[in-house]
Amino acid sequence: MAYFLKRTRNKKGLYLQIYESHWDPGRGHTVNRSVRAVGYEHELRESGIADPIAHLRSEVDSMNAERRAERERGRVREISDAPSERHLGHFALKAIDDSLGVRGDLAFLQVPSGFRFSLADLLSCLVLARAVAPCSKSRTFHDVLPQMEGVEAGFTLDQLYDGLAYLGEEYEKVVEIYNARVGGLFGRDTTTSYFDRANFCFEIGREDQPGRKGPSKEHRPEPIVGMGLLLDADCVPIAMSVFPGNESERPQLKRCISQLKERNAISGRTVRVADNGPDCADNVVDAVLSGDGYIFSKSVKALPARERAWALSDEGWQDVPDGRGGVAFSHKASTGDFEYGVTDAGGRRRVVALPERRVVTYSPALARKQTREIDRQVEKARALRLAAARRSEYGDSARYVTFEPVDGEGEVREDTRVVATLNHDAIRKARSVAGYNMLVTSETSMPPREVYGTYHRLWRIEESFRVMKSELDARPVYLQRQSTITGHFLVCYLAVLLVRLLQVKVLGGRYSSEDVMGLCRGLDVCQASDRRYVNVSRRTPIIEELAARTGLPLLHFNLSKGDVKAISSCTLGMLRGEGKVSPPNGRRCKGAS
């Protein structure tokens with residue numbers, strides 16, 4: 001444990017505090033905490049202290065001397081003797097971020113702000129820290145950034161919040177900057193794009209923009225914010241959209257696509273792929289009028305009776321083997337003109353007919369899964385019916401129940417007791433369509449299996465949201481200003497972008513997002529002396545490959561100060577195996593070719 005004087009410059013002046021640092025075995029790294037808040041330097045001068053900084057440094061020296069004396073007398077167990085840990089796992093993401101060369105553009109972006117710190121440094125620090133140890137902005141500033149090798153936080157905590165708010169206000173420009181650089185360095189395939197949205201909850205008690213109460217899959221009562229995410233054909237993010245949680249997702253696909261093409265001068269044809277949420281007529285017609293195509297999914301249960309009968313009939317099915325003697329899925333297709341009702345610029349409704357291919361698929365594994373879920377919900381509804389539960393207690397099982405008021409009169413409300421009857425027609429209908437799905441596409445000449453394969457790559461965007469929510473702790477959101485909320489999501493978006501570039505463009509898709517996140521959080525060193533470090537990370541396949549590609553001593557136990565600096569200074573060329581580093585003794589690390 002050691003004491004030190006912390007100086008923070010904000011709008012009011014230089015604020016002085018006495019901090020202590022100690023090793024936290026629970027967190028696995030050194031942490032700092034405030035011992036005493038002294039006050040502003042100018043106020044201390046006014047109170048009669050001629051040189052407050054010198055005065056407090058002397059006091060801190062006395063406190064450290066007293067602590068050392070107590071340790072020598074055996075009255076205090078000194079825990080700062082535990083090795084000081086340094087994070088190195090962000091080195092690969094940092095190499096990609098540096099190679100994009102966005103600093104010059106971000107320097108221009110901050111010109112109107114008058115900031116006296118580098119906005120590019122701030123953004124890079126926040127994005128890399130999010131991948132290493134996601135936590136609050138305060139903990140990021142005090143606990144995470146000081147432990148990250150090769151990262152210098154040349155800003156105060158107040159400047160961090162101001163910069164985050166500014167980035168949130170200009171997030172579309174930041175995304176445009178990164179898109180241009182990613183396209184120039186790695187190339188972009190926008191022949192196919194994938195779109196989906198997710199909700200993020202707030203841990204605040206009131207609604208505000210963009211946090212609004214809306215539909216939540218987890219039925220949480222807190223305000224939520226919606227985020228739309230667009231991926232290219234390689235499943236690398238290309239656009240994001242943040243909007244209030246009570247807004248529909250349907251306008252977001254059109255907005256993201258139009259902004260993408262306008263801001264990046266993309267004129268080629270794009271096949272838009274999305275889940276069944278944005279399959280409204282306006283999005284379909286907008287895709288056609290824009291010269292694009294589309295692949296959406298439709299619920300077979302919600303189809304008109306005639307179309308549903310064709311989808312569930314036994315005719316026209318083709319089986320796709322699973323390679324183990326069974327059937328992976330079956331499909332059949334129909335092509336024709338289908339009508340959509342749209343609203344024109346004058347507000348008038350009209351019907352347009354569009355040529356489409358409709359592909360119906362049946363998966364035995366999905367059928368078993370959905371049937372089990374239906375049976376579970378039916379059993380839940382039956383138990384609640386016997387217990388005379390309230391309407392609000394049924395949750396998702398309410399779709400299989402018919403409700404009537406207890407007294408036979410009045411309205412069925414969430415908080416009223418009801419007479420519940422199992423809806424056997426709804427149960428039979430749900431079981432009859434278990435395992436079925438319909439894909440609707442403008443690509444009338446695309447083979448059904450290709451339509452199926454293209455659509456099912458949509459799981460990548462679901463994975464991106466899962467990484468954002470679980471690995472990057474994008475939720476719950478504790479921020480309250482709209483600009484800082486958007487800045488927070490921008491940081492998470494860019495972290496996912498760097499992870500996906502490393503995963504797909506550099507490592508060829510051979511490793512999962514969990515493997516990449518494990519690299520970011522698992523490669524640490526401890527300082528054993530002034531010039532010697534020890535590698536405390538576990539050996540993993542992704543570390544082995546990067547060691548072979550770069551020639552860096554990622555698998556060594558003993559590391560010099562120069563080794564640590566070489567790792568933190570890795571370049572994209574080294575990640576690609578274009579230039580390897582030899583240790584001072586001329587030997588390559590184990591695993592390097």
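One definition before the first click: buried means under 20% relative accessible area, exposed means over 50%, and partly exposed lies in between (1.4 Å probe, protein chains only). Keep in mind that this is a predicted model, where local features need pLDDT of at least 70 and side-chain atom pairs count only at pLDDT 80 or more, while totals for chains, interfaces and linings use all residues. Residues are numbered from 1 along each chain as its sequence is written, and side-chain values use heavy atoms, with hydrogens and water left out.

**Whole chain**

Start with a cartoon view. The protein chain has 20 helices and 18 strands; these are DSSP runs (helices H or I, at least four residues; strands E, at least two), numbered from the N terminus. Of the 593 residues, 49% are buried. A contact here is heavy atoms within 4.5 Å. Among contacts between residues at least 6 apart in sequence, 63% join residues at least 24 apart.

**The cores**

Now select F91, M240 and L575, which have the most contacts inside the largest nonpolar core, a set of 102 residues. A nonpolar core is a set of buried Ala, Val, Leu, Ile, Met, Phe, Trp, Tyr and Cys residues joined through side-chain atoms within 4.5 Å. Helix 16 (residues 482-506) gives this core its largest share, 15 residues. Zoom in on L575: leaving aside residues up to four places away in sequence, L575 touches F91, A92, A95, I96, V506, L546, R549, T550 and C570. For a second, separate core of 25 residues, pick out F195, L230, A239 and V352, which are among its members.

**Two helices crossing**

Show side chains for L123, L126, V127, L128 and R130 in helix 5, which meet H488, V491, C492, L494, A495 and L498 in helix 16.

**Charged pairs**

Which side chains meet in a salt bridge at 3.2 Å, N to O? Select R272 and D292. A salt bridge is a side-chain nitrogen of Lys or Arg within 4 Å of a carboxyl oxygen of Asp or Glu, and by this rule the count comes to 22. R272 sits in strand 8 (residues 271-274) and D292 in the loop between helix 10 (281-289) and strand 9 (293-298), 20 residues apart. Are these two buried or exposed? Both R272 and D292 are buried.

Next, go to R399 and D396, whose closest N and O atoms are 3.9 Å apart. R399 is partly exposed at 48% relative accessible area, and D396 is partly exposed too, at 34%.

Then try E545 and R510, with closest N and O atoms 2.4 Å apart. E545 lies in helix 18 (residues 541-550), and R510 in the loop between helix 16 and helix 17 (513-522), 35 residues away. E545 counts as buried, at 17% relative accessibility.

C235 counts as buried because its relative accessibility is 1%.
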